[in-house]
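Hi everyone, thanks for coming.

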Amino acid sequence: MGKYFGTDGFRGEANVDLTVEHAYKVGRFLGWYYGERKKDPDGPCRVVIGKDTRRSSYMFEYSLVAGLTASGADVYLLHVTTTPSVSYVVRTEEFDCGIMISASHNPFYDNGIKVINGKGEKLEESVIEEIEKYLDGESGEIPFARKDQIGRTVDFAAGRNRYIGYLISIATRSFKNKKVALDCANGSASAIAKNVFDALGAETHVINNSPNGLNINTNCGSAHIEVLQQYVKENGMDVGFAYDGDADRCIAVDENGDVVDGDLIIYICGKYMKESGNLVNNTVVTTIMSNFGLYKALDREGILYEKTAVGDKYVYENMSAKGNCLGGEQSGHIIFSKHATTGDGILTSLKVMEVMLEKKESLAKLASEVEIFPQVLKNVRVKDKAAAQGDADVKAAVDEVTGLLGDDGRILLRQSGTEPLIRVMVETSDPVKCEKYVDQVIQVMKEKGHLV
């Protein structure tokens, strides 16, 4: 991770950590960088931009456009759309790069800039390093485009519509007679998800689908799954799907109102893909946050697995390097590499529907094959992430818990890639121990003065 860019872009509170000047300079650099590499006599470099529903997304969109066009790039606007749709449009419409303006599951007052390369993948670290040097004034000045070399802005809502058509084409069966609830988090999915499920014949019920710029992720979406759980139970839904602010993750709810998280989705889809002969290398890719229960179930089914650092970027890098076709995170970032190069919440919900329909089984039945270990995860806001995690006394507390858990569990401390948080997680067969050991480590961090 760099000074500005974390595991999923440049993120922070709008006009505090991430300002319009930052956005303008990112645009200036990207317009120049891709313009220099293109050197195409047939036209300037082309950049596509999407945004979520935060009030500040419009402000950052205009700042990026100003920087890009000032450097000679033509900018195509998808308007409110999802992160995976930007990735899809970049790689299918031959754009030089794409930008998504979103802070994903963060509160409305945060925002972020996610940059996607010409292959539809998260931007390379080498280019991120160059952007950061420019932001800090450590590289030379970038020339302004002049006269007819100044870039232009093009309305490109048609690109989003083509993505909707692509999603619809992936489904293997009609969703007719299926009652499906969608929680759109008052975010990007609001512009897409219902259209897809309606087109496939579902009886679609949508909640949190009225964004006003301030209510994205507020007591809704995948980060507040209890809202969808209640709705599914009260309204007799067959299944429910909750997305985050930019719809690159999905958490499901079965007909009983129980949560089916990313680990369970990986198992359900991985087993089905193996049975149908479509699980390349007989392997799924997980992160270090995946539950013990998932690995036990995969072992039972004879499915191999890889483990990466947390972040769908790292999951995809593993998949790309080794040719694996299914991977993801417990948090709901699931990648089906046959169809996408990033996590895609709506696509994930379509693939879960496919398993339910093809196997003629409920989601509860499909998920019941995995026994999830109790897990407690607490996010602690700290003054300095590196200092808190590197503290000798904190390390000693972690080592003590590791010894107490033995082979029956594990403890994990990791820094958030997007917020000033340390995540403390304990997983073991005894839920009382989970809570006790997490609090034990957090207490040491508090005593050492690391907490905000």
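Let me start with a question: which residues does Gly 240 touch, not counting residues up to four places away in sequence? The list is Ala 181, Leu 228, Val 232, Ile 251, Ala 252 and Val 253, where touching, or contact, means heavy atoms within 4.5 Å.

Before I go on, two quick notes. This is a predicted model, and local features need pLDDT of at least 70, side-chain atom pairs count only at pLDDT 80 or more, while totals for chains, interfaces and linings use all residues. Residues are numbered from 1 along each chain as its sequence is written, and side-chain values use heavy atoms, with hydrogens and water left out.

Back to Gly 240, which has its place in strand 10. When I say helix or strand, I mean DSSP runs numbered from the N terminus: helices are H or I with at least four residues, strands are E with at least two. Gly 240 is buried, with a relative accessible area of 0%. Buried here is under 20% relative accessible area, exposed is over 50%, and partly exposed is in between, with a 1.4 Å probe and protein chains only. In sequence, Gly 240 and Ile 334 are 94 residues apart, and in space they are 16 Å apart, C-alpha to C-alpha.

Two of those contacts, Leu 228 and Val 232, bring us to helix 7, residues 226–235, where the buried residues are Leu 228, Gln 229 and Val 232. They sit on the same side of helix 7, because they cover an arc of only 105 degrees around the axis; that arc is taken from the directions from the helix axis to the C-beta atoms. What do the buried residues of helix 7 pack against? The answer is strands: strand 8 (179–183), strand 9 (203–207), strand 10 (239–243), strand 11 (250–253) and strand 12 (259–260). Just after helix 7 comes Gly 236, with a positive phi of about 60 degrees.

Now have a look at helix 10, residues 312–322. Its buried residues are Asp 312, Lys 313, Val 315, Tyr 316, Asn 318 and Met 319. Their cover includes helix 4 (125–135) and strand 13 (283–287), along with strands 14 (304–308), 15 (326–328) and 16 (334–336).

On to the aromatics. Rings of Phe, Tyr and Trp (its six-membered ring) pair if their centres lie within 6.5 Å; planes under 30 degrees apart count as stacked, over 60 as edge-to-face and the rest as tilted. By this rule there are 16 aromatic pairs. Take Tyr 76 and Phe 95: their ring centres are 5.1 Å apart and their planes are at 75 degrees, so that pair is edge-to-face. Tyr 76 lies in strand 4 (residues 74–80) and Phe 95 in the loop between helix 3 (83–92) and strand 5 (97–101), so the pair ties together parts 19 residues apart in sequence. Tyr 76 is buried at 10% relative accessible area, and Phe 95 is buried at 3%.

Another edge-to-face pair is Phe 292 with Phe 373, at 5.6 Å centre to centre and 65 degrees between the planes. This one links distant parts of the chain, 81 residues apart: Phe 292 is in helix 9 (residues 292–301), and Phe 373 is in the loop between helix 12 (363–367) and strand 17 (375–381).

There's a cluster as well: ring pairs link Phe 29, Trp 32, Tyr 33, Tyr 34 and Tyr 134. Over the face of Tyr 134 lies Lys 25, at 4.9 Å from the ring centre. A charge counts as over a ring if NZ of Lys or CZ of Arg is within 6 Å of the ring centre and within 35 degrees of the ring normal. Lys 351 does this too, with its charged end over the ring of Phe 336, 5.9 Å from the centre.

Is Ser 63 buried or exposed? Ser 63 is buried, with a relative accessible area of 11%. Leaving out residues up to four places away in sequence, Ser 63 touches Val 20, Ala 23 and Tyr 24.
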